[in-house]
Amino acid sequence: MDVPSESEVRNLIHELQHPVSDYSTLSSLIAAPLDCLSLLPPVFRRYNINPLPSGSIRLPVHVPLLQHALLQHVLPNWDSELEKQGDLTLLDQYFCPDLFSFASPVAGKVAVLAYATLVSLPITDHSLRLLARLSKEYPLDRLHTAIFSQNDSSAKSNQKWEDCIQNIVAVPAKVGNYCGARKLNVPASLEHGVYFNNLSVRCESLIWASSEEHLASINYLLTKLVKLGVFPPQSPNSDFQPSFFDATLPVIRSRLSQDDTHSYSASWSRIFRGFESSFALQHVLASLFTCLKSPESSTDGSLLARVSVKHEAFFLTRLCPIQADDVELCQAVSAVMLGREWQESLSRVFVCWWADHKLLYLLLENVISLWSNPDHIKHSLLSRHRYVTSFLLLTISYFPSSSPEIISLVLSASFINGISVYINSMDNNIRHFGMLVAEVAAQRAGRTLDFRDWDGDDSDKLWARNLRALLVVRDADADARALNEDDNLYNVISSGTAQAEKSEPKKSAITIKSDEYDSDNSITGYDSTPSSRSNSPTPSELEEIEKDPSLNVGQKKTPRPVYLAQLGAMLRSMGGMAKDNPSEDADRIEVALGHAEELIRKKKDYGTELEENAVNLAYGLAGLQDNYDLDRFNELRQNAMNALVACSPRKAAPCIIEEFFKNQYSTEQRFVMLNALALGARELASLPIQTTSLSSDSTSFPSKRLPGSLHRKYLPSSATLPQILSGITRQAIDRGKEATEDKVPEIVRERRFRVQRTKPISEVDSSTLTARNFPHKQTTFIEVAADCFVAPLINRFWLFLRDEQTREARTAYHEGRTKYHGAGTGLILNSLVITHFLRTLTVLVHASEHTPEWLGFLAPDSLELALTLGTKPMSIADSSHEDSGPAEKGTKEASVLASALELALIVLDGCIQLDGGRSLSLDHATLLMSVSEWASVVFSRLEDGIKLKDGGGEQGANLRRAASGVILKADEIISKYRRSMIDIYR
């Protein structure tokens, strides 16, 4: 490939990794590489505006980069638009080419690369959908063909295959973790049991179609499945537990029952001998034996039972033929047959499988070694004794009478010692097992031995008599031709269900006779004259009319923002968007606000895009005005501001604080900024946004509220903070109440005798689980509270207050409009705004109690601010009330005073909770005494009946409650550290 073609591909990938301007450009960028790979469907060829030169795409180099770019940059931004345009299948071609391209070699290679890409990246909803498609449309055998059909070396192909297997088997665990953390339902094809059962079926198909040179790759796959538990030692109890042979054995039986199965049987034989680890081989054999069929009764000597045993043994002979010179396989099979717990009837299948004379002698040695073991005789259960005893006797029965092997067995020392241990046992059942083996072995050796203790049904005597009768004829000598026709059904069933699945039941056709009389005329229509009116258009016709370009002249639909830069441009009327058209401007703002919160939260952990655009979005949202009376304007703007502060606190919060103290914003816009700081901080601190379900409308006096519609329109943004603040202050006061009650002996004694109710089991919030399992590190409020919220807000307020008072002092001697008042209507020092400012600061201080800087400077600075705003005038207008009575002169409004006292209450309560007030009392004794004196004076004046402006109703109750709470909290600290504070205070 030449250098210009390489640069074109690199530029295309670079454009996909960065924001794309419009949808037409995106579709062109996606279509060009697909056309170069011959994977572009004909229906999408109209998008290939700028085709790439032929052969410019190098599959193993460029396709993974394209897949990463699509998953990480295109889909998170353009998924909604792609789905809306119906072009999502175009993007899927990079991961799962359609059936039209299935036979292409490139399609299989792309699917192999897609598995590696999807597994290496964090799972998303889109990768979940793509993995579900890949598991169905590109199964294991198709990927094997794609890897080994290349002209690579054997070592390179094996390495690719091993990497592919690693990716394939990792899918269920990654999908399960993703869906479990988000409480989602796992797709049916990706569930653990279903996925590995389907993988097992495709592995069997691969064995059927593979040649000898590829069997080593299959052994690697089977070894991997063994480690993942796909070969269980017992039959699975549910569909969620995978089992290789449970899913594939019917097909294996049907294939081995055919005439020409030599190559298939040879493939399985090489696979069993190809395992590098005996551990994996034994697990595979144990799982195979659990799926074998055997008679229900171990001593059933009927012809039907013998034929079924012979059939299973013949099936094992074809699937896993054993030769005497194959020592490793013989040892592994013998270890599984004799070292695990099996049904007693399976011993008949195993012995019939090993019916060859040389194999029988090896089997006899292994069985007699186990049967005569003293540990086995003393500690094994009766079921285990029956299995080993029947195994030994069945093996002896397959030898001719008086054969050298039987005679050497009878004369061997291990056999004689084992007989003596059995007969000397105190358990009659164990003793009878030894007597039975001694009699049968002596009889087969041509000797006579009879203990004459077999009458009755106790001590397994009935089982011993039935087993003697079974040993008369060998199962390997059963003739299936002697079975009746009804009995042959058992043979058909035991041979597998694959052949039965091929024959489908005939569907009976349903015929309707129209010439017969039907008495049911409930669906017969009435006769009516045809109407002259035309039929109403159907919904599909309306959609076609709406899409008709000839009818949409002059109408431009505002596209939804995909990137945060586009959102900022729509909010701030930049990027060449005209503002002289009110209709377009209203649509633009409505679309931007409708998608703002979703887009901001979506980009939270997506690179640095949010950090780069947070300041621009803060400017746009803060300065936005409802010039067009849009629906839910205030709600959507507030939600977007809250999300911006919660998702980008280091950028958004300082910017909003800086903008708040500028004089270009209205009171409503300032309320939105303060609410965003408070609610965003509580979201970062994982605190509930609303602490009570009681609405403030139900407790406020009617004269304090606007009419219903106007109240909901103008005051929705400030309704949440009073509710949060009320819950915080109530919690602080109740905490002091509980501490006081612990000091009263009567109350403590009553609590000891009170029966405490146990808390019910409650469900854990899914949001906390999601945050806990999310791979990205989440920013907590403790990390940013001091640097980005509380300290900047307090410091910026002192600077603003200094500038405002300086400006007032310069115009103090002016007359009329030239005289500046800093607390005028709509300004920051106005009582309405300053009250909301104090409430916001209170919420921030409460949420930041556990920050390391809280006792050092956050709590003292907040307390000093509350004391200043509660005692000193903020403006010249506050200190000169010429038309006021003597009672109101120089006093604060009740709302400001109550908010300042609530801030002081929260600070004092936090100091008590953290260190008992030690730091505040020893380092800031003067400040603490001043706050205590201030609260006492306010409370005494309220008790004396002094009226404050707007001090009635709920506001007055809040003021009294806050003042009394501050007095109690301050007294608690002072009484504890009074002696240490004396010298400091003096």
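Buried, in this talk, means under 20% relative accessible area. By that cut-off E6, at 14% relative accessibility, counts as buried. The model on the screen is predicted.

First, the overall picture. The protein chain has 45 helices and zero strands. It runs to 986 residues, and 46% of them count as buried. The chain exposes about 51500 Å², with carbon and sulfur atoms supplying 51% of that area. If we take contacts with a separation of 6 or more, residues 24 or more positions apart account for 76% of them.

Now the charged pairs. Side chains of opposite charge can pair when their charged atoms come close. How many salt bridges does the structure hold? The count is 28, and I will go through a few.

Back to E6. This residue forms a salt bridge with R58, and the closest N and O atoms are 3.6 Å apart. E6 sits in helix α1, residues 3-16, while R58 sits in the loop between α2 (23-36) and α3 (59-85), so the bridge ties together parts that are 52 residues apart in sequence. E6 is buried, whereas R58 is partly exposed, with a relative accessible area of 40%.

Next, E212 and R270, whose side chains meet in a salt bridge at 3.5 Å, N to O. E212 belongs to the loop between α10 (192-209) and α11 (215-227) and R270 to helix α13 (residues 262-273), so this pair ties together parts 58 residues apart in sequence. E212 is exposed, at a relative accessible area of 55%; R270 is partly exposed, at 35%.

The next pair joins two helices. The side chains of E668 and R637 meet in a salt bridge of 3.6 Å, N to O. E668 is in helix α33 (residues 667-684) and R637 in helix α31 (residues 633-647), so the parts tied together are 31 residues apart in sequence. Is R637 buried or exposed? R637 counts as buried, because its relative accessibility is 2%, under the 20% cut-off. E668, at 31%, counts as partly exposed.

Salt bridges can also share partners. D92, R129, R133 and E137 are joined into one network in that way.

Last, a lysine at the other end of the numbering. K969 lies in helix α45, residues 953-985. At 4% relative accessibility, K969 counts as buried. Its side chain and that of D909 are joined by a polar contact of 2.9 Å.

That is what I have; questions are welcome.

Key:
Residues numbered from 1 in each chain as written. Predicted model: local features only at pLDDT ≥ 70, side-chain atom pairs only at ≥ 80, totals over all residues. Heavy atoms only, no water. Helix = DSSP H or I, 4+ residues; strand = E, 2+ residues; numbered from the N terminus. Buried < 20%, exposed > 50% of the residue type's maximum accessible area, 1.4 Å probe, protein only. Polar contact = N/O pair within 3.5 Å; in protein donor to acceptor, adjacent residues only side chain to side chain. Contact = heavy atoms within 4.5 Å. Areas by Shrake-Rupley, 256 points an atom, 1.4 Å probe, with all protein chains shown as cover. Salt bridge = Lys/Arg side-chain N within 4 Å of Asp/Glu carboxyl O.
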